[in-house]
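Subject: Structure handover

Hi,

Here is the structure we talked about. Please open it alongside this email; my notes follow below.

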Amino acid sequence: HRRELDRLAAVLASAAAGDLDRRVLDIAGGHALSRPQHDLNHLLDVVEAFAKEASAALAQASEGAYFRTIRLEGLPGSYGQFAPTVNPALDATHARTTDIRASAERIAGQITGVAEELTDEAKRLAASSRSTQAEAQRAAGETAAGARAVDEAAQNLVTVGAATEEL
């Protein structure tokens, strides 16, 4: 029985170290440790199944796919009780993710609308600026022409004044 006990202990130690793949192989019947060896293998099968189910569900959720939940088939006792805790959490995460996505899309739409309004306003301001610049140039031209006319009128008055003095 020492050899069978050592094989059982080796698999238990591996499981405790995180290796859920090892099993007690070639179990011979008729000795006192054959039942505990089968029970250990079954326990490791259930633990491994739960770990793989949880891992698969969470891996899908991490990629944004929330349809994959922990399947309860073959998960006895506490394992079957843990899954209903994880599955609703995945559903709640999916709902929150959907809400966040919808909010982000709504905000993006609002930002796009504001950006379009700012672009339109900038175009209006540019057009107004060009119009104001053209008006200022026209006014400057008229002012220069008026100044020349005033100079010319002043010159004419000086000429008339000089002619008047000569008379």
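Which residues make up the largest nonpolar core? The largest nonpolar core has nine residues: Phe50, Ala54, Ala57, Ala61, Tyr66, Ile70, Leu75, Ala83 and Leu90. A nonpolar core here is a set of buried Ala, Val, Leu, Ile, Met, Phe, Trp, Tyr and Cys residues joined through side-chain atoms within 4.5 Å. Buried means under 20% relative accessible area, exposed over 50%, and partly exposed in between, with a 1.4 Å probe and protein chains only.

Before the rest, two notes on the source. This is a predicted model, in which local features need pLDDT of at least 70 and side-chain atom pairs count only at pLDDT 80 or more, while totals for chains, interfaces and linings use all residues. Residues are numbered from 1 along each chain as its sequence is written, and side-chain values use heavy atoms, with hydrogens and water left out.

H2 and H3 each supply at least two residues of the nine-residue core. H2 gives the most, with four residues. Helices are DSSP runs (H or I, at least four residues), numbered from the N terminus.

Tyr66 belongs to the largest core. Leaving aside neighbours within four places in sequence, Tyr66 is in contact (heavy atoms within 4.5 Å) with Ala61, Leu90, Thr93, His94 and Thr97.

**Helix H1**

H1 covers residues 2-16, 15 residues in total. From first C-alpha to last, H1 reaches 21 Å. That is close to the 21 Å expected at 1.5 Å a residue, where the expected span is 1.5 Å times one less than the number of residues.

Buried in H1 are Glu4, Arg7, Leu8, Val11, Ser14 and Ala15. Seen down the axis of H1, these buried residues fall within an arc of 125 degrees, so they line one face of the helix. The arc is taken from the directions from the helix axis to the C-beta atoms. Helix H2 (34-62) is included in what covers them. The face turned away from the buried side carries the exposed residues Arg2 and Ala16. Just after H1, Gly18 takes a positive phi of about 100 degrees.

**Salt bridges**

A salt bridge is a side-chain nitrogen of Lys or Arg within 4 Å of a carboxyl oxygen of Asp or Glu. By this rule, the count comes to 11.

Start with Arg23 and Glu48. Their side chains meet in a salt bridge at 2.6 Å, N to O. The pair links distant parts of the chain, 25 residues apart. Arg23 sits in the loop between H1 and H2, and Glu48 in helix H2. Arg23 is buried, at 16% relative accessible area. Glu48 is buried too, at 14%. Arg23 and Glu48 are also linked with Asp45 and Lys52 in a network of salt bridges.

Next, Arg138 in helix H3 (residues 77-166). Glu135 forms a salt bridge with Arg138, with the closest N and O atoms 2.1 Å apart. Glu142 meets Arg138 in a salt bridge as well, at 2.3 Å, N to O. Glu135 and Arg138 are three residues apart, so about one helical turn separates them. Glu142 and Arg138 are four residues apart, again about one helical turn. Glu135 is partly exposed, at 40% relative accessibility. Arg138 is partly exposed, at 40%. Glu142 is partly exposed, at 48%.

Best wishes
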